[in-house]
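Subject: Structure for you to look at

Hello,

Here is the structure I said I would pass on. Please open it beside this email and follow along.

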Amino acid sequence: MSVSQRDLDAEIEAREGMTIAEIFARSGEDGFRKVESETLASLMNEEMVLATGGGTPCFGDNMDKMRAHGMVVHLATELSTALGRIEDPSTRPLLAQGEAEVKKLYDSRQPIYRRAQWNVATDGKAPEEVAAAIESGLLATGWMPEFLWSHSSAVSLGERSYPVVCESGIFDSLGALLGGLPPESSIAVITDDNVGPLYGARCIEILEGGGFRASLHQIAAGEGSKSIDVFSSLCDELIVAGLDRKSTVLALGGGVVGDLAGFVAASLYRGVRVVQVPTTILAMTDSAIGGKTGINTSHGKNLVGAFWQPSAVFADPMLLQTLPLRERRAAFGELVKYGLLDGTIFPDIEALAPKIAASELAVDDLLVSVIRRCAAVKAAIVSADERESGLRATLNLGHTVGHAIEAAAGYGTLLHGEAVGLGLIAACRVSRELGLSQGDLEARVGAVLQTAGLDTDLEAWLRDDVLARICVDKKRTGRHLNFITVKSPGQVALTPLDVDELKRILSR
Ligand SMILES: NC(=O)c1ccc[n+]([C@@H]2O[C@H](COP(=O)([O-])OP(=O)(O)OC[C@H]3O[C@@H](n4cnc5c(N)ncnc54)[C@H](O)[C@@H]3O)[C@@H](O)[C@H]2O)c1
């Protein structure tokens, strides 16, 4: 099937009978954007591939309209690549503003671009390669019902692409949804002994209703299950249950289940399909997305594992209603991290904090929207940098000090998110001391964490044993750490930092 290819600028020029530069000269940017939105709206119900300008999704509700009517593909580029591609700068009125302004514009647009369902990395790639990546991504996820895309994101990795869906009630549709995946023989549901009694039997019923052979495999809840022993016995259990190479592992649980089940799927018969059905806020926004799987050893966390991307992530926020209060609060550590990575989410995270701390969790539009937007940030970052060679490392914001506090406290004493919250406060402080941030970011971050019910007394944790632990961070090279600094919400950077300097700042 072929569809027509159209260019929005050409459509605008034809409609107005003048060039884009002439429209800017006549009516200024506001006038141009108005014409642009009208032209876009007039094309929305036609079937076509439409190339828009870089500013199009950033004005009014254009991005919402585009998402509601089709699949939005963001051709992600570094600023330098984008500038290098412009043959005739005189045709781009916004470029006349100078380098600093263009950089500001570029940075301010990134959060909007990340709302595209597809973020496809294009740096260093020929147009044909990019087109092939988009085509194989769309083919790989073509089984997904179209209506789900208006709220979903995709991890864009060519033929290993997959949808990340967050939709209340989607758990009950799993049988039908998985039926859209390529044919398989059976599904092994791996869960833990908190989630299993709540949702295990229902999950099996739903899958059997969808025509699958399904078996339930339960592990003990908690970090201790991310071990070689549990991994080994699960592999045996799945073989005995009759799983074959075409089978699917379904991870039903938080990050512990997701990491372990993902690693089992990566290893069994040298790799079977895995579908992630996260049941914690942390897993819905972070651990279920991106394909990092693994277990712990006596030497540390996540030291053995594999990159193994799931075929889909289906998150149902209704399942969060049973999540214990402490787990919900702890999730805020990672949510605030996303608010710092993408400043446009920060105000909603601040508004969510008192709701998270309430004894009953309201699964409302705000919660669902925050989960979707954080998940979209993760999906976009993984699409750009699957193996953590650059951008993905920014997801470690708050983790250098957070990990040190978590380890020094003794694993199991603090929840991961509780330690990350303290780590974020430390990251804000270090950024300010290095002269990289202005204002009261530390106070703002502390306030939102406190409202969510987390410990924010960093001083109490800056003990010698914590400072000593910073030196054993696994992401350290030599005497230098790649510390993630934050200038303001939405502006983070990898900053090489001497370990002693970091310790000096923190012990002041
Ligand atoms: N793979 C990644 O990229 C990545 C990223 C971040 C964290 N992680 C890993 O994630 C793990 C932490 O994940 P987590 O915070 O989800 O913890 P978790 O999986 O231990 O779940 C937290 C607790 O909540 C219970 N639970 C889960 N969902 C529930 C529900 N809906 N109702 C009632 N109880 C429920 C669990 O049984 C458990 O006791 C760590 O092992 C961490 O290393 C992985």
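Which residue just after H8 takes a positive phi? That residue is Gly211, with a phi of about 95°. Keep in mind throughout that the model is predicted.

Now the helix itself. H8 runs over residues 195–209, which makes 15 residues. At 1.5 Å a residue it should span 21 Å, and its end C-alpha atoms are 20 Å apart, so the two values agree.

Part of H8 is buried: the residues concerned are Val195, Gly196, Tyr199, Gly200, Cys203, Ile204, Ile206 and Leu207. An α-helix has 3.6 residues a turn, so residues three or four places apart point the same way. You can look for that spacing in the list of buried residues. What do these buried residues of H8 pack against? Their partners are helix H7 (174–178) and the strands E7 (186–192), E8 (213–219) and E9 (248–253).

Two further residues have a positive phi without being glycine.

- Arg270 has a phi near 65°. Arg270 sits in the loop between helix H10 (255–267) and strand E10 (273–278). Its relative accessibility is 76%, and exposed means over 50%, so Arg270 counts as exposed.
- Asn302 has a phi of about 55°. Asn302 belongs to a strand, E12 (residues 300–307). With a relative accessible area of 36%, Asn302 is partly exposed, because that value falls between the 20% and 50% cut-offs.

Regards

Terms used:
Residues are numbered from 1 along each chain as its sequence is written. This is a predicted model: local features need pLDDT of at least 70, side-chain atom pairs count only at pLDDT 80 or more; totals for chains, interfaces and linings use all residues. Side-chain values use heavy atoms; hydrogens and water are left out. Helices (H or I, at least four residues) and strands (E, at least two) are DSSP runs, numbered from the N terminus. The expected span of a helix is 1.5 Å times one less than its number of residues. Buried means under 20% relative accessible area, exposed over 50%, partly exposed in between (1.4 Å probe, protein chains only). Contact means heavy atoms within 4.5 Å.
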